[in-house]
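Please keep the model open beside you and follow along as we go.

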Amino acid sequence: MLRGMTAAARILVVEDETAIADTVLYALRSEGYAAEHCLLGRQALQRLREAGCDVVVLDVGLPDISGFEVCRELRGFSQVPVIFLTARNDEIDCVLGLELGADDYMAKPFSPRELVARIRARLRRAGASAAEDGWTRHGAFAIDREGRRIRYRDVPLALTRYEYAVLAALLQRPGAILSRAQLMDRGWDSDADSADRTVDTHVKTLRAKLREAGARPDAIRTHRGLGYALEE
């Protein structure tokens, strides 16, 4: 998923040929992208479930499961752009990949510079789409502040007023520790509101909803004596 404009886009390269993977990773990192590598399809799916990314570069011929199967399972929980790489250039393979939800398709051998250009184009489209519909991406999260809505991996979260306030505040500064007072200042209208509904209670219910949506248990981490931080 597309991240904020100040953060490097995360590209996951799923390729079992080390030489090809190294070439692609070098080209991406040279352009300022945060590129990661997985050798196996199952490994990639686990990585994507845990943290997501902005674009997936996916080889069709993987040792454990095919790239087509990876794409099929991926589309069950994410709409991240996928670009297939394959040694086969048959039209039927291209059509199958696109029907499974891939966004683009490149046959080997290919130009790393062209691949980077296609990735850049996918990121621009994703950014334009997010801007048009009011959503801002933060890793696996998307937030519509005007509509007071938050999604996790494209799954809408059914949040109460204060759950939304807590998560929206944490999304403003991912990884930063916010004290309970800071969270209340950003989301509570008055001290009366906080008397019965404490920040801790809302964080607890928020964690449960995030787990139901597929987030890891410690997505919101408690820092004793300090406050909370969003580390998903």
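Arg 75 sits in the loop that links helix H3 (67–74) to strand S4 (82–86). This is a predicted model, so please read each value as computed from it.

- Is Arg 75 buried or exposed? Arg 75 has a relative accessible area of 16%, and because the cut-off for buried is under 20%, Arg 75 counts as buried.
- The side chain of Arg 75 reaches the backbone oxygen of Val 80, at 2.8 Å.
- Setting aside neighbours within four places in sequence, Arg 75 is in contact with Val 80, Pro 81 and Val 82, and also with Leu 100, Gly 101 and Asp 103.
- Arg 151 belongs to strand S8 (residues 149–152).
- With a relative accessible area of 17%, Arg 151 is buried.
- Not counting residues up to four places away in sequence, Arg 151 touches Trp 135, Arg 137, Ala 140, Phe 141, Ala 142, Pro 156 and Leu 157.

- Strand S1 (residues 10–14) is mostly covered, with 5 of its 5 residues buried.
- In a regular strand, side chains alternate between the two faces of the sheet.
- S1 runs parallel to strand S2 (residues 34–38), and 5 bridges join the two.
- The chain goes from S1 through helix H1 (residues 18–30) to S2, and this β-α-β crossover is right-handed.
- Within S2, Glu 36 is the bridge partner of Leu 12.
- S1 also runs parallel to strand S3 (residues 55–59), joined to it by 4 bridges.
- In S3, Val 55 stands opposite Ile 11.

**The sheet and the helices packed on it**

- How many strands form the open sheet, and in what order? There are 5, in the order S2-S1-S3-S4-S5, and their pairing is parallel.
- S2 and strand S5 (104–107) stand at the edges; each has a single partner strand, so one side of each is left without a neighbour in the sheet.
- On average, neighbouring strands of this sheet are turned by 20 degrees against each other, direction ignored.
- Helix H1 packs on the sheet and touches S1 and S2, and its direction makes about 165 degrees with that of S2.
- Helix H2 (residues 41–51) packs on the sheet as well, touching S1, S2 and S3; the direction of H2 makes about 165 degrees with that of S1.

**Helix H6**

- What span should helix H6 (residues 161–172) have? At 1.5 Å a residue, its 12 residues should span 16 Å, and the end C-alpha atoms are 17 Å apart, which agrees.
- H6 is mostly covered, as 10 of its 12 residues are buried.
- Among the buried residues of H6 are Tyr 162, Glu 163, Tyr 164, Val 166 and Leu 167.

Note on methods:
Residues are numbered from 1 along each chain as its sequence is written. This is a predicted model: local features need pLDDT of at least 70, side-chain atom pairs count only at pLDDT 80 or more; totals for chains, interfaces and linings use all residues. Side-chain values use heavy atoms; hydrogens and water are left out. Buried means under 20% relative accessible area, exposed over 50%, partly exposed in between (1.4 Å probe, protein chains only). Two strands pair if DSSP finds at least two bridges between them. A crossover is right-handed if, with the strands pointing away from the viewer, the path from the first strand over the helix to the second runs clockwise. The expected span of a helix is 1.5 Å times one less than its number of residues. Axes are lines fitted to C-alpha atoms, for helices over the stretch in contact, and angles run from 0 to 180 degrees between N-to-C directions. Contact means heavy atoms within 4.5 Å. A polar contact is a pair of N or O atoms within 3.5 Å; within protein, one must be able to donate a hydrogen and the other to accept it, and residues adjacent in sequence count only if both atoms are side-chain atoms.
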